[in-house]
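Hi everyone, thanks for coming.

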Amino acid sequence: MICFTRKYVLFTVVSWCVTIGIGYGQTVNDTKKEPVQFTAGKSAYVVSQPVTPLEKRITDRLLTYLTNVLKHPAKRVAVIAAVPSGNPAIVLSSKSASAITSSSPEAYQLQTRMMGNHPAIVATGKTELGLKRAVQHLILESMQIRPGLVIPVVNVSEYPWIAKREWTICPWAPDRVRRSFSNPNADKRLNIWLYGDQQIKDYVEMFDWFGFSGCQLMETPANYAAMGSAEAFRDRQIKFAKAIRENGQNVTYWVWAAQFDDYGWFDKDVVYAPSKGNTAFTDPEVRATFEKYYNGYAKMAPYADLLIAHFYDPGSLTNRDDVFSYLKLLQEKFRAKNPDVRLGVDFWAAGSPSAYMQQLTDHGFGDALLLEMSLPNIYTEGKRETLHKDAKLKGLKMGMWGWYMTEYETDQMPMMHVNAKALKGFYQEIKNGAHKIQPITYWSEMEAYHLNNIFTMYAAGQLLWNPDRDPDEILREIAEGIWGPRNGLPVLEALKLIQDVRSGPSWNTFWWTTGDYRLGTAHPDLDVKRAEKVIAALEKMKTDRDFVSKFPLPFPPATFIELILPHLRQIRAFAVSRVKMDAIKGSAKEGASKSELTKMLHEAWQPVPEYNTWIGSFGQPEANMQEKMLEQLAKELNLELKMPGWILHRNADRYLQRIQNIQRKQRLPYTFNIDAVAVRGGEFTWTAEKSREYMDLLIRQGHVEKCGTNTYRLANWKEYRML
């Protein structure tokens with residue numbers, strides 16, 4: 001007997017029979033004890049009368065899947081009577097949903113039963129959106145085995161936990177690291193802004209299959225820098241928005257409402273500081289800046305269902321009255337072009353959530369969707385629940401703006417994560433706490449590393465549909481759904497390894513400022529063995545050409561393997577280094593000489609390579625941890641540790657690029673002291689000592705010159721100044 005779970009479904013498989021507990025507290029008995037089987041080389045029949053474009057799209061997706069699996073054209077017929085006698089059939093309907101008690105438009109039923117002498121599986125949606133979910137469920141449950149395709153016995157009725165579930169496209173590009181430096185080695189396949197029209201459509205549909213009901217598009221100056229202009233970027237955004245809409249998903253538009261330059265984008269006309277006697281809202285030059293960019297944002301209004309305004313971190317407004325005045329202006333501009341667009345405001349870096357919520361209500365924004373931050377560490381015990389109690393008393397709508405929960409933002413510490421376990425723990429906490437007080441109706445999660453982050457995003461999409469799902473089963477489902485049972489197993493082992501060594505089981509093991517944060521497990525020798533095993537398996541993996549991927553993908557499955565491998569090699573390199581460090585400690589206890597230990601120490605410092613991965617301004621996380629651990633070990637043993645020369649020059653070059661980018665925003669020479677604290681800012685995590693070492697190198701090389709007492713500038717600053 002094999003037991004496994006999917007969504008709100010518990011399957012117990014005995015031979016081909018499946019007993020299923022379903023729904024959010026519902027149970028339905030089986031009506032048929034035999035699977036529905038389709039034979040390879042013969043037509044599969046789909047009974048459907050699609051009317052809307054989405055219904056046609058759903059039907060076509062199913063027909064294409066059946067055709068590819070059975071290697072024979074599938075056929076659509078209007079009525080079951082048109083199916084040859086005794087043949088199996090799939091029946092689709094969004095018109096006979098009276099038995100579906102949930103009010104969710106995504107609710108659906110999926111049931112195997114006999115229809116006359118036809119073994120059939122009937123997919124019924126509350127609406128066309130529910131029908132779409134039913135077909136996705138059907139395909140994911142299908143087994144590509146003899147005689148061709150088998151649908152196990154099912155009898156399910158499902159609906160989502162969170163009504164609106166969105167994936168948020170982070171604005172950064174892999175070759176442009178925040179506002180600091182460029183990384184020409186980053187794999188361009190990670191840059192979704194370079195995708196062709198069909199790739200965009202496939203990318204969007206992939207996330208729909210992950211379980212998300214919509215997409216949160218972002219507009220920031222970083223986007224303009226990546227594309228070269230606001231106009232070019234919005235043209236690409238419109239392509240995404242149209243693809244999202246065509247797929248039956250909602251579109252949310254999230255904007256920086258008080259920051260319009262920097263982060264690689266330079267606009268000499270931007271003014272934030274009001275003149276004496278004016279506020280930021282009444283000052284003509286400041287107002288002109290906001291009007292210019294708000295008018296640009298509003299060009300996306302016809303495509304948006306929800307507008308979210310983000311005023312802090314970053315943001316230029318220091319007066320709350322100005323915030324609310326500009327919030328009203330932004331809302332008016334959007335509603336002038338789309339009267340139905342709803343308003344949302346996120347609480348990110350806005351101070352006390354309760355105070356901000358009260359102020360928004362006092363200024364007439366009580367009907368807005370209020371988005372709390374997801375970060376668990378910013379809420380002391382009971383604080384989130386108190387916020388929801390206040391919202392309930394005031395009758396306010398609450399949403400969750402998920403940031404950093406699925407991965408690190410790609411401008412600072414990006415790496416491939418698998419956060420299925422950590423997400424489940426957090427979702428369960430919310431489900432059993434704040435959500436019971438004042439329900440969350442909208443939830444977004446950050447999607448930043450794109451192709452390397454699809455596994456965590458699949459977990460997020462599934463857990464927002466059902467927070468009780470087994471994280472391991474979710475990962476198995478996507479691994480086998482893309483690569484098939486044969487190749488899915490080594491991919492699953494790779495995902496589990498990444499989850500164990502980079503994320504761990506909880507937020508505290510994942511987040512870098514907590515006391516429990518770590519990279520690698522407590523057993524680096526086992527980390528090495530596991531990494532070696534999965535690397536070898538993926539390197540020799542051959543595409544299973546008999547398997548048809550169940551998910552729409554913007555690239556072939558082999559591409560994802562190519563993008564996973566560098567991360568596995570980084571994990572292996574870090575684990576090997578830790579094993580060597582343990583050996584050094586052992587040799588020190590046995591009385592090895594200082595020269596022997598120094599030699600071992602430098603042999604252990606084989607820096608974790610960046611390869612073609614996405615690097616943030618903080619650098620490659622395992623390489624940073626490796627360096628800190630080696631430095632600490634050298635200090636403990638009183639040994640001298642010398643940084644490899646190529647790292648010194650690489651970091652100095654990134655430091656130089658940072659200074660050049662600051663100069664681009666200024667007409668006069670940008671000056672700084674030798675420690676350049678303002679240059680580092682929040683961009684680099686180097687110590688002051690290392691920063692000084694990099695600056696000394698830049699001075700020796702002639703890139704930086706002295707221009708006063710402890711005052712320095714670029715030697716060729718005129719080449720970079722704003723004209």
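**Cavities, a pocket and some backbone details**

Searching the whole structure turns up four cavities of 30 Å³ or more. Please keep in mind that this is a predicted model.

Let's start with the largest cavity, which has a volume of about 100 Å³. Which residues line it? They are Leu54, Arg57, Ile58, Arg61, Lys132, Val135, Gln136, Glu205, Asp208, Trp209 and Asn247. By class, that lining has four nonpolar, two polar and five charged residues. Helices α1 (53-70), α2 (128-141) and α3 each supply at least two of the lining residues, and α1 gives the most, with four.

Is Asp208 buried or exposed? With a relative accessible area of 1%, Asp208 counts as buried, because the cut-off for that is under 20%. The side chain of Asp208 makes a polar contact of 2.8 Å with the side chain of Lys132. Leaving out residues up to four places away in sequence, Asp208 touches Lys132, Arg133, Gln136, Asn247 and Gln249.

Now to an open site. The second largest pocket holds about 390 Å³ of space. It is lined by 27 residues, and the closest to its centre are Phe618, Asn624, Glu627, Asn651 and Trp686. Two or more lining residues come from each of α18 (621-636), α19 (645-663) and α21 (688-701). The largest share, six residues, is from α18. Sorted by class, the lining of this pocket has 11 nonpolar, nine polar and seven charged residues.

In the loop between α17 (594-604) and α18 you'll find Tyr611. Tyr611 is partly exposed, at a relative accessible area of 38%. Pro566 is 45 residues away from Tyr611 along the chain, yet their C-alpha atoms are separated by 6.4 Å. Besides Pro566, Tyr611 touches Asn185, Arg569 and Gln570, again not counting residues up to four places away in sequence.

Next, helix α8 (residues 353-362). Its buried residues are Pro353, Tyr356, Met357 and Leu360. Why do they sit on the same side of α8? They cover an arc of only 100° around the axis, so they share one side of α8. In general, an α-helix has 3.6 residues a turn, so residues three or four places apart point the same way. The buried residues of α8 pack against α7 (320-337), β19 (342-346), β20 (369-373), α9 (383-394) and β21 (397-401). Just after α8 comes Gly364, with a positive phi of about 90°.

That brings me to the backbone. Most residues other than glycine have a negative phi, and most peptide bonds are trans. Here are some exceptions to look up.

- The Arg146 to Pro147 peptide bond is cis, with omega near 5°; Pro147 is in the loop between α2 and β11 (148-151).
- Asp313 and Pro314 are also joined by a cis peptide bond, with omega about 0°; Pro314 is in the loop between β18 (306-310) and α7.
- His450, not a glycine, has a positive phi of about 55°. His450 is in the loop between β22 (440-447) and α12 (454-465), and is buried, with a relative accessible area of 1%.
- Asn710, not a glycine either, has a positive phi of about 50°. Asn710 is in the loop between β23 (704-708) and β24 (711-714), and is partly exposed at 39% relative accessible area.

Methods:
Residues are numbered from 1 along each chain as its sequence is written. This is a predicted model: local features need pLDDT of at least 70, side-chain atom pairs count only at pLDDT 80 or more; totals for chains, interfaces and linings use all residues. Side-chain values use heavy atoms; hydrogens and water are left out. Buried means under 20% relative accessible area, exposed over 50%, partly exposed in between (1.4 Å probe, protein chains only). The arc is that of the directions from the helix axis to the C-beta atoms. Contact means heavy atoms within 4.5 Å. A polar contact is a pair of N or O atoms within 3.5 Å; within protein, one must be able to donate a hydrogen and the other to accept it, and residues adjacent in sequence count only if both atoms are side-chain atoms. On a 1 Å grid over the protein atoms alone, a cavity is a set of points where a 1.4 Å probe fits but cannot get out, and a pocket is an open set with protein on both sides within 12 Å along at least five of seven lines; lining residues have an atom within 4 Å of a point. Grid points are joined across faces, edges and corners, and a volume is the space filled by probe spheres set on the points. Ala, Val, Leu, Ile, Met, Phe, Trp, Tyr, Cys and Pro count as nonpolar, Asp, Glu, Lys and Arg as charged, and the others, Gly among them, as polar.
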